[in-house]
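Trainee: I have a new structure open and would like to learn how to read it. Could you guide me through its features, step by step?

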Amino acid sequence: MASMTSLCFVLALAMFTIFFSPAFSTSRRALEHPKMQKGFRVRLKHVDSGKNLTKLERIRHGVKRGRNRLQRLQAMALVASSSSEIEAPVLPGNGEFLMKLAIGTPPETYSAILDTGSDLIWTQCKPCTQCFHQSTPIFDPKKSSSFSKLSCSSQLCEALPQSSCNNGCEYLYSYGDYSSTQGILASETLTFGKASVPHVAFGCGADNEGSGFSQGAGLVGLGRGPLSLVSQLKEPKFSYCLTTVDDTKTSTLLMGSLASVNASSSAIKTTPLIHSPAHPSFYYLSLEGISVGDTRLPIKKSTFSLQDDGSGGLIIDSGTTITYLEESAFNLVAKEFTAKINLPVDSSGSTGLDVCFTLPSGSTNIEVPKLVFHFDGADLELPAENYMIGDSSMGVACLAMGSSSGMSIFGNVQQQNMLVLHDLEKETLSFLPTQCDLL
């Protein structure tokens, strides 16, 4: 049938979770950093890699983290050029991806949460008045010859959402879950593998509070504001490619010149990035509709619209596990999916997912309705493993989606095995089907 696609649960998806802590941010402005001369590659490892978990257990963990992140994002929405390959490893953390990098001269290695939902780069610094435990030594700026404080008149100091001038540019950066970091905005050399980048503005945090940071020693923001790593490198492109869950496979983050894709490929789907003055760090997309099978759902045009006050809209987020849709749209998807899949509904609630079905005994292969997201200029038809979670031992298959109130999120399960390119110069986002572990 044209409206159905086959899904084999021997190869069924589990999930990827890259969890970030969203933060206040500011609009993109002139930067104080020389253009980066090299692109670099960062390998990403799944948070649950190495743990003895079933695929469904991984999904449960990810959904729990994703719901916490969704609540934080919704809370925020209410507040108003060479191609050399350089690798920097990324290690698993509790609910996030940790990328390994080094800071200072001589370089001191530490791990930081990778966050596309915020801007500031920061780490814990001595002397700490309040610091959480970290596995690596706390950075001591007195031991680095490349450390320097930024002046209160610097453009990046002015770009901070909250700052004061006392002993240099003092910042306070607060996150959606009421975590925060406070300290001095400074300049340092950051090293990613063999690539050293001088004069990067970062927060030297002496007072750091919150439960979301304990697996790393800080955070690297990849948002759209001037304080982010993307903006400071003056390279308007970055991309990532997420594999399915497999202990032997790695995902990839590409920065700068390595982030480009073959523009002539007919498989590329490109859609505009939408900018929100209220939340300028987020990567908003214009979602115009959804089809299940051959049926275009009667979703009101305004359902996914981004409002002037910053409410609503849909963001693409590598840090949220499954996709969350505004409740009225999700209900239509669930109803149509249930009508077309021809399997009994599982109402036990044991999986943590909202829409599940009972598999026939011994089944390893079923047909599921096609699912298409109609973005502005791009109809993205997802492979079945990007939206169905199967566990033949439990005899269930579930839709990897949930409902939300207000903001919608296109999660990382739906993005797996796609190279996702952010082009901030053209203000576009592109999807290219890719075998990510071979990238």
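This is a predicted model: local features need pLDDT of at least 70, side-chain atom pairs count only at pLDDT 80 or more; totals for chains, interfaces and linings use all residues.

**Reading disulfides, burial and annotated sites**

Trainee: What is a disulfide in general, and how many disulfides does a search of the whole structure find?

Mentor: A disulfide is a covalent bond between the sulfur atoms of two cysteines. Searching the whole structure here gives 6 disulfides.

Trainee: Where in the chain do C125 and C204 lie?

Mentor: C125 sits in the loop between β7 (122–124) and β8 (148–149), while C204 belongs to strand β12 (residues 195–209). This pair links distant parts of the chain, 79 residues apart. Both cysteines, C125 and C204, are buried.

Trainee: Why is the disulfide of C125 and C204 called left-handed?

Mentor: Look at the torsion about the S-S bond: for C125 and C204 it is about -115 degrees, so the disulfide is left-handed. Now try the link of C356 and C398: with 105 degrees about its S-S bond, that one is right-handed.

Trainee: Which parts of the chain does the pair of C356 and C398 tie together?

Mentor: C356 lies in strand β22 (residues 356–358) and C398 in strand β27 (residues 396–399), so parts 42 residues apart in sequence are tied together. The sulfur atoms of C356 and C398 are 2.1 Å apart, and both residues are buried.

Trainee: And what does the disulfide of C241 and C436 look like?

Mentor: C241 is joined to C436 with an S to S distance of 2.0 Å. Since C241 is in strand β14 (residues 237–241) and C436 in the segment after β31 (428–433), the pair ties together parts that are 195 residues apart in sequence. The torsion about the S-S bond of C241 and C436 is about -75 degrees, so this disulfide is left-handed. C241 and C436 are both buried.

Trainee: What is the pairing when the bonded cysteines are numbered in sequence order?

Mentor: For the protein chain it reads 1-8, 2-3, 4-6, 5-7, 9-12, 10-11.

Trainee: Let me step back. How many helices and strands does the protein chain have?

Mentor: The count is 4 helices and 31 strands. The protein chain has 439 residues, of which 59% count as buried.

Trainee: Are D115 and D317 buried or exposed?

Mentor: The cut-off to know is that buried means under 20% relative accessible area. D115, in strand β6 (residues 108–115), has 0%, so D115 is buried. D317 lies in the loop between β20 (314–316) and β21 (323–326); its value is 2%, so D317 is buried too.

Terms used:
Residues are numbered from 1 along each chain as its sequence is written. Side-chain values use heavy atoms; hydrogens and water are left out. Helices (H or I, at least four residues) and strands (E, at least two) are DSSP runs, numbered from the N terminus. Buried means under 20% relative accessible area, exposed over 50%, partly exposed in between (1.4 Å probe, protein chains only). A disulfide is a pair of cysteine sulfur atoms within 2.5 Å.
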